[in-house]
Amino acid sequence: MRKGVLLVLAAALAACFAGSALAFEAIAPEDLKVGWVYIGPVGDGGWTYMHDQGRLAMEEAYPGVTSSIVESVPEGPDSVRVMETFIRNGAKLIFATSFGYMDFVQEVAKKHPDVMFLHCSGFKRAENVGTYFGRMYQARYLSGLVAGSMSKSNVIGFVAAHPIPEVIRGINAFTLGARKANPNVKVKVVWLFSWFDPGKEKEAAKALIDAGSDVIAMHADTGSAPQAAEEAGVYVVGYNNDMSKYAPTKHLTAPVWNWGAYYKHIVGQVTTGTWKADDIWWGLKDGFVDLAPFGADVPQEVRDLVAAERARIIDGSWDVFSGPVRNQKGEVVVPEGTVMTDGEMLSMNWFVEGVEGEIPQ
Amino acid sequence: MDLLVPILAAAVRSGTPILYATLGEIITEKSGVMNLGIEGVMLVGALTGFGVTYHSASPWLGLAVAFGVGAALCAIHAFLCVTLGVNQVVCGLALTMFGTGASSLVGRSLVGETIEGMRAFPLPGLSEIPLLGPVLFNQDAMVYLSFGLVFLLWFFLLHTRPGLKLRAVGESPIAAAAAGISVPTVRWMATLFGGGLAALGGAYLSVVNSHMWVEQMTSGRGWIAVALVIFGIWHPLRSALGAYLFGGVGALQLRVQAAGTSIPAPLLLMLPYVLTVVVLTGISIRKGKGILLGAPAALGLPFHREDRD
């Protein structure tokens with residue numbers, strides 16, 4: 001019995017060394033198996049749907065690669081089981097697409113040093129664990145420029161899912177953009193306390209329109225708010241993907257994700273043996289986030305303004321949260337001449353000047 | 001007034017899908033069958049209504065097929081619970097899981113599509129009445145249909161012979177069987193009808209309200225319907241008020257936020273559930289003192305003709 005245990009241990013150790021020796025050498029696309037752990041169903045039409053679009057874009061670029069997914073994986077021990085199954089089936093690259101997988105990714109990664117892990121929106125890394133996220137706030141800022149320019153009532157309504165830093169950062173960036181284009185504009189926020197509930201999103205948009213908003217923006221996962229805007233005849237800025245389908249005449253633009261750019265990049269590195277664990281937070285420059293095509297009503301001078309702001313974000317001479325940035329009380333939070341660090345942005349829990357609404361504590 | 005009318009109109013709009021499901025569940029439970037599969041049936045109804053409307057461009061056809069599919073789905077429940085006499089709670093929960101999974105699987109290709117759907121249809125004349133007009137009669141056809149249904153079911157349950165039979169089956173199946181009523185037939189029909197209405201409530205969300213299909217788009221409305229049956233103490237009129245109250249609180253908290261007041265929204269969202277607990281407490285205190293049209297005595301109990309206990 002003891003001999004058996006020793007043998008197994010020796011075998012495991014040998015496997016570990018063999019594994020680490022082989023680690024991160026180039027894997028031919030035909031031999032590469034990739035697993036995606038999704039937090040929601042692909043059919044959510046939002047977050048997970050856009051990740052899956054990215055995966056499909058990767059498949060198109062690398063036809064030999066085998067990719068597989070598991071949907072609606074809870075952020076708990078279940079995710080370990082899912083990742084272990086991927087590995088048993090030969091996966092050498094795993095993407096975990098939600099924050100809550102962070103510690104479970106670390107756990108599995110320790111056991112399998114020859115497998116590469118990439119964790120979306122987290123901050124814990126290791127030899128074989130990289131992290132990634134997109135600077136959506138840059139695209140949000142640009143969409144704010146459009147919304148601010150188009151508002152006549154100087155009230156913009158924002159349908160927001162949950163009061164977490166990611167959403168707050170988006171609202172702040174959007175507001176900074178809107179007020180850059182139109183300093184008198186105010187952004188009213190309504191919280192849904194839900195990621196996707198089309199009925200509620202529509203009611204929230206209607207409530208904001210009744211409260212005087214003539215442009216609606218959103219951080220929720222369905223096209224319901226754009227529908228309400230189209231029906232009421234007010235402009236709308238979508239999210240996640242081009243939502244003009246839901247508001248054919250009133251859709252101004254939408255900040256959109258392009259996960260495919262990143263997934264292609266990583267698979268490219270893995271197939272050429274150049275991958276190493278890294279923290280990637282890409283923005284407009286790398287095509288990770290962008291704006292959906294403008295609606296017909298967006299005038300040329302607004303398009304020019306967006307192009308100019310985009311140019312200075314891309315060339316790195318300016319970023320959205322460059323000082324001076326004031327909070328709701330008018331106090332300077334980011335002094336002139338400084339820029340918020342990534343860490344400060346990731347934990348943002350206050351509203352900038354011009355936002356009307358509260359962050360439930 | 002400026003604020004009140006939109007809130008009340010939104011209350012009716014948001015309450016209607018829950019109302020359909022609640023009315024269906026009242027009929028089912030009055031026959032003594034508890035169906036906890038409402039959430040799943042609503043989802044299947046939402047998908048069916050959307051899918052059929054998407055392919056046929058006829059919202060009415062979509063709603064009708066949704067009703068049929070909902071009834072067909074609940075035939076599983078009726079077969080297992082009425083014919084075989086299995087545990088109704090377990091069977092209902094299984095139905096919810098099945099409906100959630102099946103609608104997600106089948107609906108994959110419809111995600112991101114949109115339909116013309118059903119639009120508001122103000123009733124000429126009636127919608128001009130101050131306050132009541134814009135609240136009740138500036139809605140869509142399914143809302144008007146639900147008004148009729150509430151009164152129809154109230155009349156059916158309390159003032160007709162078939163309604164009496166249905167209640168008898170739910171109160172004392174042995175006595176009903178002795179009086180020559182076929183308990184399984186009544187329970188089967190009540191379960192199918194309840195399932196059809198639940199599916200119609202789901203289809204309201206996708207066809208009338210949002211014109212799109214999203215997985216799990218009912219977001220727990222099926223469970224609220226189950227709670228509303230108790231809230232309304234198995235009475236169609238009281239349950240209608242309950243449905244509009246639940247819908248109204250949801251609409252109110254959004255508007256309170258939009259108006260920029262400092263009332264915490266989660267506090268408002270909690271209110272209807274607090275009320276449900278209060279009603280439940282009231283029921284148990286008054287138990288045995290004869291609340292009119294209260295909980296069916298044989299709710300959840302399987303019936304076998306041969307059992308004489």
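Predicted model: local features only at pLDDT ≥ 70, side-chain atom pairs only at ≥ 80, totals over all residues.

Trainee: What makes a residue count as buried?

Mentor: The term requires 20 or more other C-beta atoms within 10 Å of the residue's own. Val302(A), Val306(A) and Glu309(A) are classed as buried, so each of them meets that cut-off.

Trainee: How do you know that these three are on the same side of H10(A)?

Mentor: Around the axis they cover an arc of only 70°, which places them on the same side of H10(A). As a general rule, an α-helix has 3.6 residues a turn, so residues three or four places apart point the same way.

Trainee: Which helix do the buried residues of H10(A) pack against?

Mentor: They pack against helix H5 (136-150) of chain A. The face turned away from the buried side carries exposed residues, including Gln300(A), Asp304(A), Ala308(A) and Arg312(A).

Trainee: How do you know that the span of H10(A) is close to the expected one?

Mentor: H10(A) comprises residues 300-314, which is 15 residues. From its first C-alpha to its last it reaches 21 Å, and 21 Å is expected at 1.5 Å a residue. Just after the helix, Gly316(A) adopts a positive phi of about 85°.

Trainee: What is the strand order of the open sheet in chain A, and is the pairing parallel or antiparallel?

Mentor: The open sheet has 6 strands in the order E10-E9-E8-E6-E7-E16, with parallel pairing.

Trainee: Why are E10 and E16 of chain A said to stand at the edges?

Mentor: Strand E10 (251-253) and strand E16 (355-356) each have a single partner strand, so one side of each is left without a neighbour in the sheet.

Trainee: What makes E6(A) and E8(A) a pair?

Mentor: Pairing needs at least two bridges. Strand E6 (residues 155-160) and strand E8 (residues 215-219) of chain A are joined by 5 bridges, so they qualify as a pair. Ala160(A) stands opposite His219(A) in E8(A).

Trainee: Which strands does H5(A) touch as it packs on the sheet?

Mentor: H5(A) touches E6, E8, strand E9 (235-237) and E10 of chain A, and its direction makes about 135° with that of E10(A). Helix H7 (residues 198-210) of chain A also packs on the sheet, touching E6, strand E7 (186-191) and E8 of chain A.

Definitions and conventions: Residues numbered from 1 in each chain as written. Chains lettered and ligands numbered in written order. Helix = DSSP H or I, 4+ residues; strand = E, 2+ residues; numbered from the N terminus. Expected span 1.5 Å × (residues − 1). Buried ≥ 20, exposed ≤ 12 C-beta atoms within 10 Å, placed from the backbone. Arc of directions from axis to C-beta. Contact = placed C-beta atoms within 7 Å. Axes fitted to C-alpha atoms, helices over the stretch in contact; angles between N-to-C directions.
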